[in-house]
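This report goes through the sheet, the salt bridges and parts of the surface. Please keep the sequence and the structure in view while reading.

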Amino acid sequence: MTTALITGSTAGIGAAFARRLAADGHDLVLVARDTKRLREQATELHDRHGIEVEVLSADLSEDKGIETVADRLGDRKNPVDLLVNNAGFGNKGRYLDVAMTDELRMLKVHCEAVLRLTSAAAEAMRERRRGGIVNVASVAAFVPRGTYGASKAWVVQFTQGAARDLAGSGVRLMALCPGFVRTEFHQRAGMGTDNIPGWMWLDADKLVAAALADLARGKSLSIPDPRYKTLMGLVKVTPRGLLGGISSRTGRKYGPQ
């Protein structure tokens, strides 16, 4: 039986990963800030699927929280076979409208924590010559729009570069790039969603199933839906200057209100 560690496990994509992996018989290490929700989630998954569930309360915007999770990933006696770096959040507002402390906190969670946790997991996995890492990014990584997209672009580039460097080691790395997913993400950021067309929304459970299938195939990048694959294909052939204008207008139309 293998063990998976999921950050940001109590809601949204993280919770969907937890449900799917528990149903598949994996033991879990669940990481989030809310201890009460973590314990409730752990009890539910243990009772429903008969798996072992460990709880780690950690704030990945702080060094102490990152170190706590990194230490668990580096535990050779109780190895983690799959890491899902899912923790993240959005800030409401355009560049310069958001406080610098909030921007830096986002970079800490989206970039520094992902780097440090991926490195801790990959080092231990390389010694065993097996393991997988999924770093949750976003299709926002492919358009020039704001600090959120920039941080997710870093996740994609870092993950694909690390995947190449570790090719043949037995460690698989994949950046997962979903579009709009029905989760608590937008509500927590204070973002309205009524103006987002219904066809743009994805189901978290279906997304996770597609992502795990892509990881099993050895992909280093997963855009788990034909609609967004088509959109990102168009992005690749659109001139950057034109794309910047389109993404800015789209952000005003479909972004936070």
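## Strands 5 and 6

In this predicted model, strand 5 (residues 131-136) and strand 6 (residues 171-176) run parallel and are paired over six bridges. Within this pairing, Ile-133 has Leu-173 of strand 6 as its bridge partner. Helix 5 (residues 146-165) packs on the sheet and touches strand 5, strand 6 and strand 9. The direction of helix 5 makes about 160° with that of strand 6.

The open sheet consists of seven strands with parallel pairing, in the order 3-2-1-4-5-6-9. Strand 3 (53-57) and strand 9 (221-222) are at the edges; each has a single partner strand, so one side of each has no neighbour in the sheet.

Strand 1 (residues 3-7) is mostly covered, with five of its five residues buried. In a regular strand the side chains alternate between the two faces of the sheet. From strand 1, Thr-3, Leu-5 and Thr-7 point one way, while Ala-4 and Ile-6 point the other way. Strand 1 pairs with strand 2 (residues 27-32) in the parallel sense over five bridges, and Ile-6 is opposite Leu-30 in strand 2.

## Salt bridges

The whole structure holds 14 salt bridges. One of them joins the side chains of Glu-40 and Lys-36, at 2.6 Å from N to O. Both residues lie in helix 2 (residues 35-49), four residues apart, or about one turn of the helix. Glu-40 is partly exposed, with a relative accessible area of 44%, whereas Lys-36 is exposed, at 58%.

Another salt bridge links Lys-108 and Asp-63, with the closest N and O atoms 2.7 Å apart. Lys-108 belongs to helix 4 and Asp-63 to helix 3 (residues 63-73), so this pair ties together parts that are 45 residues apart in sequence. Lys-108 counts as buried because its relative accessibility is 17%, under the 20% limit. Asp-63 is partly exposed at 38%. In helix 4, Arg-116 and Glu-112 are four residues apart and meet in a salt bridge of 2.8 Å, N to O. Salt bridges with shared partners join Asp-63, Glu-67, Lys-108, Glu-112 and Arg-116 into one network.

## Surface residues

Met-100, Leu-104 and Leu-107 make a nonpolar surface patch of about 290 Å². Leu-107 lies in helix 4 (residues 100-128) and counts as partly exposed, at 33% relative accessibility.

Arg-217 is in the loop between helix 7 (204-216) and strand 9. Arg-217 is exposed, with a relative accessible area of 59%. The C-alpha atoms of Arg-217 and Arg-172 are 9.8 Å apart in space, and the two residues are 45 residues apart in sequence.

Definitions and conventions: Residues numbered from 1 in each chain as written. Predicted model: local features only at pLDDT ≥ 70, side-chain atom pairs only at ≥ 80, totals over all residues. Heavy atoms only, no water. Patch = residues over 30% accessible without salt bridge, like charges linked within 9 Å, V, L, I, M, F, W, Y side chains within 5 Å. Areas by Shrake-Rupley, 256 points an atom, 1.4 Å probe, with all protein chains shown as cover. Salt bridge = Lys/Arg side-chain N within 4 Å of Asp/Glu carboxyl O. Helix = DSSP H or I, 4+ residues; strand = E, 2+ residues; numbered from the N terminus. Buried < 20%, exposed > 50% of the residue type's maximum accessible area, 1.4 Å probe, protein only. Pairing = 2+ DSSP bridges. Contact = heavy atoms within 4.5 Å. Axes fitted to C-alpha atoms, helices over the stretch in contact; angles between N-to-C directions.
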